[in-house]
Amino acid sequence: MTLLILNWLAGAVGWFWLIRRYDRIDPEPYRAMLSVGILGGLVSGLVALEIMALFESTVLGMTEGWMTAVENQTVTTGELIILALETGLIEEFSKALATIYFAKRLGEVDEPIDAVLYAMLVGLGFAVIENLQYAIEYGNGTLLWRNIFCIPGHVGYALLWGCGLAQARFAKPGTPVLAVIAPTLLIAALLHAGYDYVALTASSGTVTLYAIIQTIALLWFAHNRLKVLGRESPHLAAGECSACRAKNPPGSQYCSACGESLAQDFFNFCAECSHRIPIHARYCPNCGTSISKII
């Protein structure tokens with residue numbers, strides 16, 4: 001039991017440390033990150049579990065539980081597809097709602113990357129709690145696989161709709177959040193469903209190959225997306241590089257010191273006072289300059 005707990009904690013702490021490393025400009029408090037991640041993961045997990053159990057018993061007629069049905073080979077191909085889609089949609093939707101709720105109340109979302117990081121932390125919390133359940137039921141040996149493939153899966157799916165949350169918060173604040181994140185939430189749910197369907201139907205070798213490819217793709221995308229979001233911060237001065245913190249003329253596209261891109265998706269700069277302005281703003285909140293004079 002001690003070894004199980006240590007392995008479980010190692011996966012949780014390792015991935016938390018990796019996610020935390022991307023929050024460089026104005027790091028979120030550890031208390032906020034842990035609170036959102038743990039509570040969001042726990043609540044979304046419980047909600048998803050209840051909704052899926054209700055769906056499986058009422059719609060699919062599975063009174064024994066889907067895992068038992070799959071092991072006993074009493075499900076059809078069509079039911080397996082429905083199970084995979086159900087899991088992807090319900091779990092991702094539950095995680096997204098939990099992130100929206102807890103990040104607003106317990107987090108400090110003042111940078112676009114914060115919305116994405118909180119989404120990833122809820123995905124991490126969900127996966128870590130799920131890992132403990134699987135480890136208790138199937139043994140310590142399952143943790144290695146889940147730490148390597150399942151945690152980055154949940155975290156990577158959450159990053160997709162987390163980017164939608166950043167758009168809703170910093171680019172489209174007047175639009176309903178769920179309407180903004182719907183496309184990325186659907187993509188994440190379908191990717192999640194695709195993995196689950198392969199895991200339910202394919203050989204162990206095929207599942208492993210699929211998991212490796214998906215994990216590499218998600219980690220590559222996450223690294224590049226977080227790197228871009230890292231330079232989008234109201235705490236940076238106009239022209240300041242997020243990588244090396246060198247000062248460049250406002251409106252510069254690349255850092256003269258390290259060559260890092262300074263392109264912005266969420267902010268403009270005022271031509272009068274060089275204040276950083278949200279992309280949706282019509283006037284500079286610092287000096288009142290019209291958007292027509294924003295550079």
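The expected span of a helix is 1.5 Å times one less than its number of residues, and helices here are DSSP runs of H or I with at least four residues, numbered from the N terminus. This is a predicted model, in which local features need pLDDT of at least 70 and side-chain atom pairs count only at pLDDT 80 or more, while totals for chains, interfaces and linings use all residues. Residues are numbered from 1 along each chain as its sequence is written, and side-chain values use heavy atoms, with hydrogens and water left out.

**Helix α2**

- Helix α2, which covers residues 30–58, has 29 residues and reaches 41 Å from its first C-alpha to its last, close to the 42 Å expected at 1.5 Å a residue.
- Buried residues (under 20% relative accessible area, with a 1.4 Å probe and protein chains only) in α2 include Ala32, Gly40, Ser44 and Glu56.
- Val43, which also lies in helix α2, is partly exposed, with a relative accessible area of 34%, a value between the 20% limit for buried and the 50% limit for exposed.

**Surface patch**

- Leu42, Val43, Leu46, Val47, Ile51 and Ile129 form a nonpolar patch on the surface, with about 440 Å² of accessible area together.
- Such a patch joins nonpolar side chains within 5 Å, from residues with over 30% relative accessible area and no salt bridge, which is a side-chain nitrogen of Lys or Arg within 4 Å of a carboxyl oxygen of Asp or Glu.
- The largest share of the patch, five residues, comes from α2.

**Arg146**

- Arg146 lies in helix α6, residues 142–170, and is buried, with a relative accessible area of 8%.
- Leaving aside neighbours within four places in sequence, Arg146 is in contact (heavy atoms within 4.5 Å) with Glu130, Asn131, Tyr134 and Ile151.

Technical notes. Helices (H or I, at least four residues) and strands (E, at least two) are DSSP runs, numbered from the N terminus. Patches are made of residues with over 30% relative accessible area and no salt bridge: like charges are joined within 9 Å, nonpolar side chains (Val, Leu, Ile, Met, Phe, Trp, Tyr) within 5 Å. Accessible areas come from the Shrake-Rupley method with a 1.4 Å probe; for residues, only the protein chains shown count as cover.
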